[in-house]
Amino acid sequence: MRLNYRAYPQAIAPLRELQDYVRQSGLEQPLIELIFMRVSQLNGCAFCLDMHSKDARAAGETEQRLFLLHAWQETPFYSERERAALGWAEAVTRLGEQGVPDDVYAAALASFGEKGLIDLNMTVVLMNAWNRIAIPYRVAPGGYKPGHH
């Protein structure tokens, strides 16, 4: 039997506060959903992929862009700003000994500015944290309805 992390709301309250911050940061909702999707792809979080693909579609995202998100670097379907965000999301999620490459940092800073880059980073941090809750607790995908966070 698995533990039910939802039985301890005080444990996830800080993440809910960070989620509120991200949602109110000024980053566009479709961009936030793309970041959530890409981070969840990298981490292999089925529950979060299910949730955020539904939220992305509800926010007007196209199936084509969602289907090709895994190969975003090879497609013409993402803007320069989205590419900078996706590159940042990948670098931070796969953070290694070398940190974030200078070119990824420069592209993200140029596209988002100082405050926007902080907001972008907190978005990536948030999704990585949720993934690290959903994956070990084996939260099952499939039942999520758009907009019911």
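Author: Let us begin with contacts, a word used here for heavy atoms within 4.5 Å. Once its neighbours within four places in sequence are left aside, Leu-68 has contacts with Thr-75, Phe-77 and Tyr-78. Please keep in mind that the model is predicted, so that local features need pLDDT of at least 70 and side-chain atom pairs count only at pLDDT 80 or more, while totals for chains, interfaces and linings use all residues. Residues are numbered from 1 along each chain as its sequence is written, and side-chain values use heavy atoms, with hydrogens and water left out.

Reader: Where does Leu-68 lie, and why does it count as partly exposed?

Author: Elements come from DSSP runs numbered from the N terminus, where a helix is a run of H or I with at least four residues and a strand a run of E with at least two. Leu-68 lies in the loop that runs between α4 and α5. For exposure, buried means under 20% relative accessible area, exposed means over 50%, and partly exposed lies in between (1.4 Å probe, protein chains only). Leu-68 counts as partly exposed because its relative accessibility is 29%.

Reader: How many helices and strands does the protein chain have?

Author: The protein chain has six helices and zero strands, and its pattern along the sequence reads α-α-α-α-α-α. Of its 149 residues, 43% count as buried. Among contacts between residues at least 6 apart in sequence, 71% join residues at least 24 apart.

Reader: How should I check the length of a helix such as α2?

Author: The expected span is 1.5 Å times one less than the number of residues. Helix α2, residues 29-43, has 15 residues and should therefore span 21 Å, which agrees with the 21 Å between its end C-alpha atoms. Just after α2, Gly-44 takes a positive phi of about 70°.

Reader: Is α2 mostly covered or mostly open, and against which helices do its buried residues pack?

Author: An α-helix has 3.6 residues a turn, so residues three or four places apart point the same way. In this structure α2 is mostly covered, with 12 of its 15 residues buried; among them are Leu-34, Phe-36, Met-37 and Arg-38. The buried residues of α2 pack against α1 (9-23), α3 (46-58), α4 (63-67), α5 (80-93) and α6 (102-134).

Reader: Why does Glu-33 count as buried, and which residues is it in contact with?

Author: Glu-33, which lies in helix α2, counts as buried because its relative accessibility is 1%. Apart from neighbours within four places in sequence, Glu-33 is in contact with Arg-23, His-52, Asp-55 and Ala-56.
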